[in-house]
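Please keep the structure in view while reading.

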Amino acid sequence: MAAANVIFTKLMQPCKSVATITFKSRNGEYLTAAFDVITQVITLSFPSCPTVKLNISEFPWLTNLVQHTVGEISSTCVEDIQYSAVGGKILLRLSMDEKLDSWTVIRNMKPNLKEMMKVVPESFGYVLGVGITIENNETGHSEPLFYSRFFAPWVGIDEDPVCGSLHAILGPYWSKIFDKQNNDLMMTRFASPREGDIFVKLDGDRVLIGGRTSRVLEGILNF
């Protein structure tokens, strides 16, 4: 999305109401980005990433991974564990606490990143990072529907401020829970210290992920 911002606003300067470009990723996947000139929203089209449920009885090391990820919060608050082999992401869904709002719960989490990396055995398969998600339980507010964070110490990223690709998992996952159909919009908020709002909707076997971006640094590299 950051690269799309630069291309759309600095290089292309589109005159049409909606402009599109196509990226080719290292794994050969094609990602289409659309830019709405009026709303300034950039939308990316990702392939939907299916997940499988992980059970602690089958993978006992998950107990330690959960403990190191949720930190001081009780590990019993983890309601579901999913894994996407396509993106190498483990997803932990937290249960809601009636005494605390969901935003406070997920924002106060302090994972032990070094210990997280130690507990996943090589025999399990590729792991890029761990995502955490929780439903918004604030009374009287329907949006955002859920909050998320993403930690990827395995690839040198302690925390991704706003991980777009995680929503290729979150979109299908939460759509089932909220009974959302194709083109039903879901608003979500990333709960990292920097925060970020993203909208998600299903489009067949694709997931549309959109939001507004801001350029915070410009410069020239001389080689």
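## Strands and their pairing

Two strands are said to pair if DSSP finds at least two bridges between them. The model described here is a predicted one, and in it strand 2 and strand 3 (residues 42-47) pair in the antiparallel sense, over four bridges. Within this part of the sheet, T32 stands opposite S45, a residue of strand 3.

Strands of a sheet pair through backbone hydrogen bonds, and they may do so in a parallel or an antiparallel way. The sheet as a whole is open and is formed by eleven strands, in the order 1-2-3-11-10-9-8-7-6-5-4, with mixed pairing. Strand 1 (18-24) and strand 4 (52-53) stand at the edges and have a single partner strand each, so one side of each is left without a neighbour in the sheet.

## A helix on the sheet

Helix 5, which covers residues 167-178, packs on the sheet. The strands that helix 5 touches include strand 3, strand 6 (89-94), strand 9 (186-190) and strand 11 (206-211), and the direction of the helix makes about 35° with that of strand 6.

## Aromatic pairs

A pair of aromatic rings is described by two values, the distance of the centres and the angle of the planes. When rings are paired if their centres lie within 6.5 Å, the count comes to nine aromatic pairs. One of these is formed by F8 and F35, which are stacked, with 5.2 Å from centre to centre and 15° between the planes. This pair links distant parts of the chain, since F8 belongs to helix 1 (residues 2-12) and F35 to strand 2 (residues 30-36), 27 residues apart. F8 is buried, with a relative accessible area of 1%, and F35 also counts as buried, at 4% relative accessibility.

Y173 and W174 form an aromatic pair that is edge-to-face, with 5.7 Å from centre to centre and 85° between the planes. Y173 counts as buried at 11% relative accessibility, because buried means under 20%, and W174 is buried with a relative accessible area of 0%. Elsewhere, ring pairs link F59, W61, Y83 and F124 into a cluster.

## A buried serine in a loop

S192 is found in the loop between strand 9 and strand 10. Is S192 buried or exposed? With a relative accessible area of 1%, S192 is buried. If its neighbours within four places in sequence are left aside, S192 is in contact with R107, S148, R149, E159, D160 and P161.

How values were computed. Residues numbered from 1 in each chain as written. Predicted model: local features only at pLDDT ≥ 70, side-chain atom pairs only at ≥ 80, totals over all residues. Heavy atoms only, no water. Phe/Tyr/Trp six-rings, centres within 6.5 Å; stacked < 30°, edge-to-face > 60°. Helix = DSSP H or I, 4+ residues; strand = E, 2+ residues; numbered from the N terminus. Buried < 20%, exposed > 50% of the residue type's maximum accessible area, 1.4 Å probe, protein only. Contact = heavy atoms within 4.5 Å. Axes fitted to C-alpha atoms, helices over the stretch in contact; angles between N-to-C directions.
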